[in-house]
Amino acid sequence: MQQITSSSDRAENALVPEQVASSASYGSYGDVSPDADSEMSFDIREIIAIIRANLVVIVIIVAASLTIATVVTMLQTPRYTAETTIQINDQSAQVLGKQNDTMQDPVVVASDTERFLQTQVDILKSRALAERVAQKLRLIGNPKFYDAMGIRRPSGDISKEKLEDVTINAIDAARGVDLPRKTRLATVSFNSTQPELAAQIANAFASEYIQTNLQRRFDSSAYAREFISGQLYEARAKLEQSERELNAYAREAGIIRDRDGSSDGSGSGGAGSSVTTKSLLEVNTAANQAEAARIAAEQRWRLISGSSALNSTEVLANPAITSLLADRARVTAELEKQRASHLEDYPAVLQLKAQVGVIDAQINSLAHSISLSVKQQYDAARQLERSLKSEVMRLKGSSLEEQDRLVRYRILEREADTNRTVYEGLLQRFKELNAAAGISVSNISIIDPAIAPIRPTSPNLFRNLLLAMLAGLSIAAVFVYLRTQLDDTVKVPEDVEGKLQMPLLGVIPLVPELDLDLAMLDPKSPISEGHNSLRSALLYSTSSGLPKTMLITSSQPSEGKSTTCYAVAAGIARLGRRVVLLDVDLRRPALHRSIASLNGDNSQGVSSILTAQCSIDDAIRKTDVENLDVVTSGPIPPSPTELLSSIAMHQLIDDLSKRYDLVLIDSPPVLGLADAPVLAALVESVVVVIQSDRSRRGSLKASLRRLRSMRSNIIGGVLTKFDPTDTGNRYSEYYGYSYYQYSNSSTS
C-alpha cells in the first residue's frame with residue numbers, strides 16, 4: 001500500500017509545474033471552479049431528494065388533511081341541488097310588427113352578444129331578483145326555510161331589515177348561475193337540504209326572472225306613456241281653445257264657412273269656404289249660362305227677323321208648319337189638276353183656291369207666332385243675363401269685403417288645424433304604446449324546469465378527499481419550500497459555491513469518531529481519498545503552485561479543522577516536500593493530542609517561541625511521517641491575541657518559510673476571536689473548513705468578511721463530515737461517494 005501511495009504522490013509532484021499556469025485563476029476568493037454552475041437550474045433529482053428528506057412531514061400533513069376531510073364529510077348534512085335551464089335570446093318575438101312594436105328589444109350587435117349575455121347572468125345573480133323570489137315564496141321569517149338551509153333561526157327582537165338581509169344572504173349563498181360560452185342556455189341552480197324546496201326556489205328564480213324582464217320593459221315605456229298623456233291633455237286644451245276663438249270670430253265677423261273639406265280654390269287650404277263665396281261661384285256660373293242662352297236666342301231672333309219667316313229654319317222645323325205645308329202642296333196639286341180641265345170660275349177651282357188661301361193664312365199666322373216666341377225668348381234671356389250679372393257684381397263686392405275679414409279667420413283656422421293634427425298624432429301614439437305595453441313577449445323561455453333531485457350533491461366524499469389531498473400536498477409543498485429556503489446551513493458541496501460563492505477545494509466524507517484514526521491510516525479509505533483530492537487542489541491553488549504559507553481555519557470550533565490540517569500536511573510531506581505544521585490555537589490546542597507520536601506533550605511550542613522561552617529548533621518536533629515537522633501551541637498564554645499579532649509571530653513565519661516548503665498553520669475559529677484574522681494577514685493563502693449540515697451561511701459570510709477585512713487571500717473551502725447517504729444530501733453530485741472502493745480481489 002505504501003508503494004501505491006508513494007507512486008501517486010510522485011505523480012502529483014511531477015504534475016505541479018505543468019499545471020500551475022492552468023490553475024492561476026482558481027485560487028482567489030470570489031472565483032468559482034470552471035466546472036461550477038453559477039446559475040440556478042431546475043433539477044428533478046434535487047426535488048426528489050428534498051421530498052425524500054421531508055417524506056415523513058409530507059405524509060403526516062397529507063394524512064392529517066385526509067382525516068380532517070373524512071371527519072368533516074361525515075358530519076355534514078346531505079344537500080341537494082336543483083337546476084333549471086332557461087334560454088336567453090337577443091330579441092323577443094314581434095307581435096305588432098316591426099314598425100308598431102314599440103317594446104321590441106334593441107338589436108344586439110354580434111360582437112356585443114357576449115356582453116349582453118353576461119349582463120343577463122349578472123341580473124340572475126342580482127339581489128333584487130333574490131328579494132322577489134323571497135317575497136313570492138314568503139321565505140322571510142319562514143322557519144322551514146332556515147331549517148332547510150341549515151342556518152340558525154333568527155330569534156329575539158330582530159328588525160325586519162336584518163331578518164330580510166339574513167334571508168337574502170342565505171339565498172345568495174345557495175344560488176348558482178352558469179352560462180357556458182358559445183351557448184344561450186343558462187343554468188340556475190339552488191342548493192338546500194330539502195330537494196323539494198331546492199326545485200321550488202330554482203323554478204321561482206326562472207319565473208321571476210321572466211317577470212322581471214317583462215316588468216322592466218313595461219316600466220321602460222311608463223315614462224313615455226305618462227309624458228305623451230300629459231302632452232295629449234295640453235294638445236286637447238289648445239285645440240278646444242283655438243276652435244272656440246275661431247267660432248267666436250266667425251260669429252263676430254258674420255262669416256259662415258262650409259267645413260266639408262272641399263277646396264274652394266281661394267287658398268283656404270281645403271278647410272272649407274264661406275257661403276258668400278259659394279253663392280258667388282254659383283251665381284257666376286248661372287250668369288255665364290244665361291249669357292250663352294241669350295247669345296243663342298239672339299242668334300235665332302236675328303235669323304227670323306232678317307228674312308221671311310218661312311225661310312227660317314226655326315219656322316220650318318216646326319211640326320205644325322210642316323203639316324200645313326204638306327196640306328198646301330196637296331191642295332195646290334189638286335187645284336192645278338182642276339185647272340187643267342176647268343176654268344177659273346169653276347166651283348171646284350174656286351173651292352180649291354179658297355182652301356189654298358186658308359192654308360196660307362194659317363201658315364203665315366203660325367210663322368208670325370213662332371217669330372214672336374223667338375223674340376220673347378230672346379228678351380227673356382237678355383233680361384235673365386242682366387239680372388245674374390247684376391247679382392254677380394253684388395256678390396263680388398260682398399266677397400271682397402269678406403276677404404278682408406277672412407285674414408284673421410284663416411290665421412285662427414290654421415292654428416286650429418295645427419292643434420288638431422298634433423292632437424290626433426299624440427292620440428295615435430298613445431294608443432300604440434298602450435297596446436304594445438299590454439302584449440309584450442319575453443325573450444326568455446324555460447327549457448328544463450327544475451325537479452326535486454333524488455341523490456344529494458354534497459357532501460361528496462371522493463371529491464372532498466381529492467381536495468383534501470391537493471390541499472395537504474399544497475401545504476406540505478409550502479412547508480417544505482419554506483423549510484428549505486429558511487435552512488441556510490451548508491449541507492452539500494454545491495452549497496459552498498452556490499451560497500458562499502467560494503471555490504470548493506475538497507470534500508471530506510463523514511467517518512465515525514472511533515474509526516477516524518483507522519480510516520486515516522488506510523490510503524484506500526474514502527476519507528483518505530478525500531484528503532488526497534484536497535491535497536491535489538492545494539497544489540494548483542495559486543499561479544505559483546502550492547503557497548509557501550497557508551492558514552487553515554473555520555468559522556466555529558469542532559468542524560474538523562485540526563484533522564484536516566494534519567491530513568493535508570502529511571499528504572504534502574509524502575510528496576517529498578518539507579512541511580511544518582503549527583498549532584496556533586493558543587486557547588484550545590488539539591494538535592498535540594491528535595498526533596500519536598507526540599504523546600500529548602505540549603510543554604514547548606509557539607507560545608514558548610513568541611515569549612522567547614525557547615528557540616525555534618527546540619520547539620520543532622519530528623513525526624512518524626517523513627518530511628513532516630510539528631510545532632505545537634505550547635503553554636496557554638494569558639493574552640493569545642497579543643502574542644499572535646506581535647512582530648515575533650511574523651518573524652516566526654518568515655523563518656519557518658525559509659526552512660520549509662510549506663508552513664501550514666492550524667488556526668483558531670474566526671467568530672468571536674481576533675486570532676484568525678490577524679494570522680490570515682501574515683500568510684499567503686487561507687483555507688476555510690466548513691462542516692456539513694452545521695455551518696450556516698450567515699456565520700460563514702461573517703467569517704469571510706472578517707478575513708477579507710485583513711486583505712487575506714482566501715483560496716477556497718473544504719467541506720468536512722459530509723454524509724452522502726443522508727436523504728437530505730441525495731441530490732448532490734457527490735452522492736454515492738463511498739460506493740466506489742478498492743476491490744479485495746487481485747483480478748479486479
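Q691 is buried, at a relative accessible area of 12%; buried means under 20%, exposed over 50% and partly exposed in between, with a 1.4 Å probe and protein chains only. This is a predicted model: local features need pLDDT of at least 70, side-chain atom pairs count only at pLDDT 80 or more, and totals for chains, interfaces and linings use all residues. Residues are numbered from 1 along each chain as its sequence is written, and side-chain values use heavy atoms, with hydrogens and water left out.

Q691 belongs to strand β13 (residues 685-691). Strands (E, at least two residues) and helices (H or I, at least four) are DSSP runs, numbered from the N terminus. Neighbours within four places in sequence aside, Q691 is in contact with V490, S558, E559, L719, T720 and K721. Contact means heavy atoms within 4.5 Å.

S525 is also buried, at 8% relative accessibility. S525 sits in the loop between α15 (516-521) and α16 (526-539). Its C-alpha atom is 10.0 Å from that of P509, 16 residues apart along the chain.

Two helix pairs follow. Axes are lines fitted to C-alpha atoms, for helices over the stretch in contact, and angles run from 0 to 180 degrees between N-to-C directions.

| Helix pair | Angle | Axis distance |
|---|---|---|
| α3 (residues 55-75) and α13 (residues 461-486) | about 150° | 8 Å |
| α16 and α17 (residues 561-574) | roughly 70° | within 9 Å |

α3 and α13 are therefore roughly antiparallel. Angles over 145 degrees count as roughly antiparallel, under 35 as roughly parallel, 65 to 115 as roughly perpendicular and the rest as oblique. The contact includes V57, I58 and I61 of α3 and L461, N464 and L465 of α13. Its residues divide into 16 nonpolar, five polar and one charged. Ala, Val, Leu, Ile, Met, Phe, Trp, Tyr, Cys and Pro count as nonpolar, Asp, Glu, Lys and Arg as charged, and the others, Gly among them, as polar.

α16 and α17 are therefore roughly perpendicular. H531, L534, R535 and L538 of α16 meet T563, T564, A567, V568, G571 and I572 of α17.

The largest nonpolar core has 43 residues; L582, M649, L652, L656 and I690 touch the most other members. Such a core is a set of buried Ala, Val, Leu, Ile, Met, Phe, Trp, Tyr and Cys residues joined through side-chain atoms within 4.5 Å. Helix α22 (residues 647-659) gives the largest share, four residues. Another core, of 39 residues, lies apart from it, with M149, A174, L179 and F205 among its members.
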